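Student: I would like a close look at one part of this model, the aromatic side chains and their surroundings. Could you walk me through it, starting from the overall layout?

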Amino acid sequence: VTPDSPPFPKDQVIKFVTNYLPLPTLILLVFGYKFIKQSAMVRAKHMDFRGVCDPDNHFADWKEEEPPTTFWGKVWFFL
């Protein structure tokens, strides 16, 4: 390190910014949206999860897929 060299190399500064800038940006965007839209946080105990994961009625609207008839359809189905 010479007296004229910067305290941090440029590539370290770029890595630091690209790694740590998204977190405060996310927090600012989420709380900014909540402030502008004036929406409240809802606790999980107050949410209605019925129908989202109902083990009794999970496969009620399940339909069997017809097997593919074309070559590329069979390849896609295999994947």
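Student: In what order do the elements of the chain run from the N terminus on? And from there, which aromatic pairs does a search of the whole structure find?

Tutor: Happy to! Please keep in mind that this is a predicted model. Starting at the N terminus, the elements run α-α-α, and the chain has three helices and zero strands.

Now to the aromatic rings. Searching the whole structure turns up two aromatic pairs. One of them joins Phe16 and Tyr20: the ring centres are 5.0 Å apart and the planes meet at 40°, so this pair is classed as tilted. That angle falls between the two cut-offs, since planes under 30 degrees apart would count as stacked and those over 60 as edge-to-face. Both Phe16 and Tyr20 belong to helix H1, which covers residues 10–20, and they are four residues apart, about one turn of the helix. Phe16 and Tyr20 are both exposed.

The other pair is made by Phe71 and Trp72. Their ring centres lie 5.1 Å apart with the planes at 70°, so Phe71 and Trp72 are edge-to-face. Phe71 has a relative accessibility of 57% and therefore counts as exposed. Trp72 is exposed as well, because its relative accessibility is 65%.

Let's return to Phe16 and Tyr20, as they also take part in a nonpolar surface patch of about 640 Å², together with Phe8, Val13, Val17 and Leu21.

For contrast, have a look at Lys34 in helix H2, which spans residues 22–37. Lys34 has a relative accessibility of 19%, so this lysine counts as buried; the cut-off for buried is under 20%. What does Lys34 touch, leaving aside its neighbours within four places in sequence? With those set aside, the contacts of Lys34 are Ser39, Ala40 and Met41.

Definitions and conventions:
Residues numbered from 1 in each chain as written. Predicted model: local features only at pLDDT ≥ 70, side-chain atom pairs only at ≥ 80, totals over all residues. Heavy atoms only, no water. Phe/Tyr/Trp six-rings, centres within 6.5 Å; stacked < 30°, edge-to-face > 60°. Helix = DSSP H or I, 4+ residues; strand = E, 2+ residues; numbered from the N terminus. Buried < 20%, exposed > 50% of the residue type's maximum accessible area, 1.4 Å probe, protein only. Patch = residues over 30% accessible without salt bridge, like charges linked within 9 Å, V, L, I, M, F, W, Y side chains within 5 Å. Areas by Shrake-Rupley, 256 points an atom, 1.4 Å probe, with all protein chains shown as cover. Salt bridge = Lys/Arg side-chain N within 4 Å of Asp/Glu carboxyl O. Contact = heavy atoms within 4.5 Å.
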